[in-house]
Amino acid sequence: MSNIRNILPKEIDDLSLLKGIANRDNRVILQLYKLHYPYVERMILNNNGSKDQAKDVFQEAVMVLYDKVTGQGFVLESKLKTFLYAVSRRLWLKQLGKKSNNHYSIEQDGFEESPDLSEDLQMHEDQERQFEKMESALQVLGEPCQSILTDFYLRNKSMQDICEKFGYTNTDNTKTQKYKCLQRLKKLFFSGNPHGA
């Protein structure tokens, strides 16, 4: 069994997670979900998927990881979060392809032979940098804009909820304020980086 303590630290390193996965340590599996599932869920919800589909895809990605970890010669060449996100993204793209084209099958393309997994990993690392940049821009933006945008885009609150929370007279005024906040955020995000790359 893994030598990971009963109460796992908040931030557990990737190597410990991999050892726990190889040993089928349920606490480590739960920690893996806690740390990395939200990113996959957000990606799938933003790409025509549901929470149930996100759970299925993430579970499949964890199985891919388990197969690799318990196989021979697996070396994790990226962050574990990046690996799981990239595998989940590929699985989801294949499911979307299957919906629009019934003869397309997930089994057509194994991950071992997959030349574009590294491209997916690179793309995810680029996205991570963009998220960090966006978080910094949100911090600079200040209140109430920071809370309005966070409530609307990340917490999925309705315009009515936000209107009541911030004391606007009606939802039209709230929408106008959200739009102004979004424009300010875009300026901050793209300042000094006109191409947004």
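## Charges over aromatic rings

In this predicted model, the charged end of Lys-81 is placed over the ring of Tyr-39, 4.1 Å from the ring centre. A second case involves Lys-178, whose charged end sits over the ring of Phe-152 at 4.4 Å from its centre.

## Aromatic pairs and cluster

Across the whole structure, a search finds 4 aromatic pairs. In one of them, Phe-166 and Tyr-168, the ring centres are 6.4 Å apart and the planes meet at 40°, so the pair is tilted. An angle under 30 degrees would have counted as stacked and one over 60 as edge-to-face. Phe-166 is partly exposed, with a relative accessibility of 26%, and Tyr-168 is also partly exposed, at 22%.

Tyr-33, Tyr-37 and Phe-58 form one aromatic cluster. Of these residues, Tyr-37 is listed among the buried residues of helix H2.

## Overall fold

The protein has 8 helices and 0 strands, and its pattern along the sequence is α-α-α-α-α-α-α-α. Of its 197 residues, 39% are buried. Taking the contacts between residues at least 6 apart in sequence, 55% join residues at least 24 apart.

Helix H2 covers residues 26–45, 20 residues in total. From first C-alpha to last, H2 reaches 26 Å, close to the 28 Å expected at 1.5 Å a residue. The helix has a kink of about 50° at His-36, shortly before the proline Pro-38. His-36 itself is buried, and the other buried residues of H2 are Val-28, Gln-31, Leu-32, Leu-35, Tyr-37, Val-40, Glu-41, Met-43 and Ile-44. An α-helix has 3.6 residues a turn, so residues three or four places apart point the same way. Val-28, Gln-31, Leu-32 and Leu-35, all on the buried list, can be read with that spacing in mind.

Arg-24 is exposed, with 59% relative accessible area. At 66% relative accessibility, Asn-48 is exposed.

## The cis bond at Pro-144

The peptide bond from Glu-143 to Pro-144 is cis, with omega near 0°. Pro-144 is located in the loop between helix H5 (117–141) and helix H6 (145–154). Its relative accessibility of 32% makes Pro-144 partly exposed.

Apart from neighbours within four places in sequence, Pro-144 is in contact with Phe-166 and Tyr-168, the two residues of the tilted pair. The C-alpha of Pro-144 is also 8.6 Å from that of Cys-181, a residue 37 places away along the chain.

## Buried Asp-151 in H6

Helix H6 contains Asp-151, which is buried at a relative accessible area of 0%. The side chain of Asp-151 makes a polar contact with the side chain of Lys-165, at 2.8 Å.

Leaving aside neighbours within four places in sequence, the contacts of Asp-151 are Asn-156, Lys-157, Ile-162, Lys-165 and Phe-166. Phe-166 is thus in contact with Asp-151 and with Pro-144, and its ring pairs with that of Tyr-168.

Note on methods
Residues numbered from 1 in each chain as written. Predicted model: local features only at pLDDT ≥ 70, side-chain atom pairs only at ≥ 80, totals over all residues. Heavy atoms only, no water. Helix = DSSP H or I, 4+ residues; strand = E, 2+ residues; numbered from the N terminus. Buried < 20%, exposed > 50% of the residue type's maximum accessible area, 1.4 Å probe, protein only. Contact = heavy atoms within 4.5 Å. Expected span 1.5 Å × (residues − 1). Bend = angle between axes of the 7 residues up to and from the residue. Polar contact = N/O pair within 3.5 Å; in protein donor to acceptor, adjacent residues only side chain to side chain. Phe/Tyr/Trp six-rings, centres within 6.5 Å; stacked < 30°, edge-to-face > 60°. Lys NZ or Arg CZ within 6 Å of the ring centre and 35° of its normal.
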